[in-house]
Amino acid sequence: MRIVGFRDDSRVQVAARYGDDLVPLGEVEQFWRDPYAGIAAAKRSGERLKSSGVTFVPPVKPSARVLCVGLNYADHVDEGPFFRPEHPTVFGRWTQSLAIAGTPVAVPVDEPGLDWEVELLVAVGSRLRMADAPQADESVFAYAAFNDITARRAQKLTTQWTLGKNVDNSGALSDLVTADEVGDPRGRKLISRVNGRLMQESATDHMFFGVGEILSFISRTLTLMPGDLVATGTPAGVGYARTPPWLLQPGDTVEVEVEGIGAVSTPIIAWPAEDTNVIPLRQR
């Protein structure tokens, strides 16, 4: 089952997508209290909405944690270059940075461009605390394709990555696809393209830390709750590591895809003209 969000007046609703039809599943906070009950109800429901005219948004509750894992593929570690981490390298995004397909991302004024990162995203479906890896695997409700679009200059100004990982609308995700439909996420091909040109091609079985290991590791420090999201890292082929570096510019379109799960496309635009008359950061 494919899960989407849409805006109903000032509220975000969750729905199951069946082609051009939507089956409403309830307000987003309510849905994530028990997402399994929500999809069971969808299978019994006769209610349908047409998707035309609907304003889609990520099906993510405002209180969700969005946790991302860096340095989780050997070839990406090597192109850094970095050292293989002993534990998952976890950093955070805010839900405000998330977006759906087609949402433009503006290159910030101090950046020479933006970078792409195709990733497998996991949505947690049940409370997870001090779990082992098999328990953590069982807690996965859904998967999505995710583009962890990054402002590399801001990311590398300090040892903390938060700023560079939270550009407005930079966390593009596809529809969520429920775990029962996806099955085993291992061995899924990961692809990114810029203006149709292949940039990344790998598979999820090349991760250092699998989905269950990552969720288990996180659950030993904080309690994961239904609706929390975890992005599992990107393989080699990102722009900054190329010779010469290749970063996304206004007018570019970047698309990422996870085999059998989904794809999401993002147009890159210029920073609004009214905000460009600023002193460059390096001159302050």
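This is a predicted model: local features need pLDDT of at least 70, side-chain atom pairs count only at pLDDT 80 or more; totals for chains, interfaces and linings use all residues.

Student: Okay. How many helices and strands does the protein have?

Tutor: There are 7 helices and 18 strands. The radius of gyration is 19 Å, close to the 19 Å from the globule rule for 284 residues, so the protein is as compact as a globular protein of that length.

Student: And what does the C-alpha trace span along its principal axes?

Tutor: About 60 × 45 × 35 Å.

Student: What share of the 284 residues is buried?

Tutor: Buried residues account for 52% of them.

Student: What about contacts along the sequence, how many join residues at least 24 apart?

Tutor: If you take contacts between residues at least 6 apart in sequence, 74% of them join residues at least 24 apart.

Student: Switching to strands. Which way do S14 and S15 run, parallel or antiparallel?

Tutor: Antiparallel: S14 (residues 189–194) and S15 (residues 197–203) are joined by 6 bridges. As an example, Arg193 has Leu198 in S15 as its bridge partner.

Student: What does Asn195 do in that hairpin?

Tutor: The hairpin has 2 residues between its strands, and Asn195 takes a positive phi near 50 degrees there.

Student: Which strand does S14 pair with over 5 bridges?

Tutor: That's S17 (residues 253–258), again in the antiparallel sense. In that pairing, Leu190 has Val258 of S17 as its bridge partner.

Student: Now the inside. Which residues touch the most other members of the largest nonpolar core?

Tutor: Tyr143, Val211, Leu215, Leu224 and Ile261, out of 32 residues in that core. The elements giving two or more residues to this core are strands S6 (66–70), S10 (118–124), S11 (140–148) and S17, plus helix H7 (211–219). There is another core apart from it, made of 29 residues, including Phe31, Val60, Leu121 and Ala123.

Student: What is Leu215 in contact with, beyond its neighbours within four places in sequence?

Tutor: Val122, Val124, Leu128, Ala136, Ser139, Val140, Leu224 and Val230. As background, nonpolar side chains tend to be buried together in soluble globular proteins.

Student: Charges next. How many salt bridges does the structure hold?

Tutor: It holds 13. One of them joins the side chains of Arg93 and Asp148, at 2.8 Å from N to O. Arg93 is in strand S7 (residues 89–93) and Asp148 is in S11, so to speak distant parts of the chain, 55 residues apart.

Student: Are Arg93 and Asp148 buried or exposed?

Tutor: Both are buried.

Student: Which residue does Arg152 meet in a salt bridge?

Tutor: Glu117, with 2.7 Å from N to O. Arg152 sits in helix H5 (residues 152–156), while Glu117 is in the loop between S9 (105–106) and S10, 35 residues apart. Both of these are buried as well.

Student: What's the N to O distance between Glu117 and Lys165?

Tutor: Their closest N and O atoms are 3.2 Å apart, and they form a salt bridge. Lys165 is in the loop between H5 and strand S12 (171–173), 48 residues from Glu117. Lys165 is buried too.

Student: Which residues end up in one network?

Tutor: Arg93, Asp115, Glu117, Asp148, Arg152 and Lys165, joined by salt bridges that share partners.

Definitions and conventions
Residues are numbered from 1 along each chain as its sequence is written. Side-chain values use heavy atoms; hydrogens and water are left out. Two strands pair if DSSP finds at least two bridges between them. Helices (H or I, at least four residues) and strands (E, at least two) are DSSP runs, numbered from the N terminus. A nonpolar core is a set of buried Ala, Val, Leu, Ile, Met, Phe, Trp, Tyr and Cys residues joined through side-chain atoms within 4.5 Å. Buried means under 20% relative accessible area, exposed over 50%, partly exposed in between (1.4 Å probe, protein chains only). Contact means heavy atoms within 4.5 Å. The radius of gyration is taken over C-alpha atoms; the globule rule is 2.2 Å times the number of residues to the power 0.38. A salt bridge is a side-chain nitrogen of Lys or Arg within 4 Å of a carboxyl oxygen of Asp or Glu.
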